[in-house]
Amino acid sequence: MRKSLTLAATAVAAALTLSACGGSDASTSVDTLDPANPVTLTVGASPMPHAQVLAFVADNLAADAGLELDIKEFDDYITPNIALDDGSLDANYYQHLPYFESQVQSQGYDFEHGAGVHVEPYAVFSEKHDDVTAVGEGARVAITNDPSNQARALTLLEEAGLLKDIDADASVLALTDEQNPKGLDFVENQPELLVNDLSDPTVDLAILNGNYILAAGLSTDDALLVESVENNPYANFLAWKTGNKDARIDKLEELLHSPEVKAFIEETWPNGDVTAAF
């Protein structure tokens, strides 16, 4: 009932070429759903936890609703929006509002989105320190190069007392000496590569995205700092091209916010590594 295809970050160039050539169009508007004749919706997602949540929907809820999910897995944050824009996907499920808005603004995408489904809290890990208070002057910090998540990471360090006066537009390049009193040395990297920086002996702290924490087999139980999920603005949601929302997307949006999905999230990640946002 579901299929998966893993696309690594190196597929970005191929996807760009496909987009430039016009690509294929996965969208076929559907007005109604019939369980006797299920129709397919092609959805892109990060492998963990998004594809896991979609797989639960596919295996337990979708057929009775007349829906079949074709789940495409992506290892990076760039390609799923490219694929959505060029019509290779009907929808994607992996991003939060600040990232979505930054992509729409910078890339010119004409997308819409649904309500938040879950939050994966950001967390700070270290193989050198057991407590954040042990972080000294000039400590080296591995951080995402994604602007929408960089401010999020800096805010987490502010909450721990390592930085001061961080605002929503903060970036490592714009930090002043007053904001960075310990003179932390930030090393930017692609979010999917930050787990590798954690084992770098020169790195004191690595700030990781929730889905890559899961993919690496880590747990926020072992983190030095964990982002609060209460009133968290970084809930991940379903997104689609403007004008392409039909009965299939409506139904998946409904199923993603069902009691069954909430129970699945709570049972699968009882420590809060993934927390339902509804």
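User: How do the residues of the lining of the largest pocket divide by class?

Analyst: A lining can be read by sorting its residues into classes. In this predicted model, the lining of the largest pocket holds 9 nonpolar, 9 polar and 7 charged residues. The volume of this pocket is about 400 Å³. It is lined by 25 residues, and those closest to the centre are Ser 148, Ala 151, Arg 152, Ala 168 and Tyr 234.

User: Which elements give two or more residues to the lining of the largest pocket?

Analyst: Helix H4 (97–107) and helix H5 (147–159) do. H5 gives the most, with 8 residues.

User: How many cavities of 30 Å³ or more does a search of the whole structure find?

Analyst: A pocket is open, while a cavity is a space that the probe cannot get out of. The search finds 1 cavity of 30 Å³ or more. The largest cavity has a volume of about 150 Å³. Tyr 77, Tyr 94, His 96, Asn 209 and Asn 236 are the closest to its centre, out of 15 lining residues.

User: Which strands run parallel to E10, and which antiparallel?

Analyst: Strand E8 (residues 140–144) runs parallel to E10, joined by 2 bridges. Strand E7 (residues 123–125) runs antiparallel to E10, with 3 bridges between them. Individual pairs show how the strands line up. Val 141 has Leu 205 as its bridge partner in E10, and Ala 123 stands opposite Leu 208 in that strand.

User: What is the bridge partner of Ala 123 in E11?

Analyst: The partner there is Val 226. E7 and E11 pair in the antiparallel sense, over 2 bridges.

User: Are the two faces of strand E10 buried or exposed?

Analyst: To read a strand's faces, look at the side chains on each side in turn. In E10 (residues 205–208), Leu 205 and Ile 207 lie on one side, with Ala 206 and Leu 208 on the other. These four residues are all buried, and both faces are covered.

User: How is Gly 136 placed, and what does it touch?

Analyst: For a loop residue, sequence position and spatial surroundings can be read side by side. Gly 136 is in the loop between E7 and E8. It touches Lys 182 and Leu 184, leaving aside residues up to four places away in sequence. Gly 136 and Asp 204 are 68 residues apart in sequence, while their C-alpha atoms are 9.2 Å apart in space. Gly 136 counts as partly exposed because its relative accessible area is 29%, which falls between the cut-offs of 20% and 50%.

User: Where is a cis peptide bond found?

Analyst: Most peptide bonds are trans, and most residues other than glycine have a negative phi. The bond from Met 48 to Pro 49 is cis, with omega near -5 degrees. Pro 49 is found in helix H2 (residues 47–62).

User: Which residues other than glycine have a positive phi?

Analyst: Two cases can be given. Asp 165 has phi near 55 degrees, and Asn 231 has phi near 55 degrees. Asp 165 lies in the loop between H5 and E9, and Asn 231 in the loop between E11 and strand E12 (236–241).

User: Why do Asp 165 and Asn 231 count as exposed?

Analyst: The cut-off for exposed is over 50% relative accessible area. Asp 165 counts as exposed because its relative accessibility is 61%. Asn 231 is exposed because its relative accessible area is 73%.

User: What does the protein chain contain overall, in helices and strands?

Analyst: The protein chain has 9 helices and 13 strands. Of its 278 residues, 49% are buried. The chain exposes about 12200 Å², and carbon and sulfur atoms supply 48% of that area. Among contacts with a separation of 6 or more, 79% are between residues 24 or more positions apart.

Notes
Residues numbered from 1 in each chain as written. Predicted model: local features only at pLDDT ≥ 70, side-chain atom pairs only at ≥ 80, totals over all residues. Heavy atoms only, no water. Buried < 20%, exposed > 50% of the residue type's maximum accessible area, 1.4 Å probe, protein only. Contact = heavy atoms within 4.5 Å. Areas by Shrake-Rupley, 256 points an atom, 1.4 Å probe, with all protein chains shown as cover. Pairing = 2+ DSSP bridges. 1 Å grid on protein atoms, 1.4 Å probe; cavity = no way out; pocket = protein on both sides within 12 Å on 5 of 7 lines; lining within 4 Å. Points joined across faces, edges and corners; volume = space filled by probe spheres on them. Nonpolar A, V, L, I, M, F, W, Y, C, P; charged D, E, K, R; others polar.
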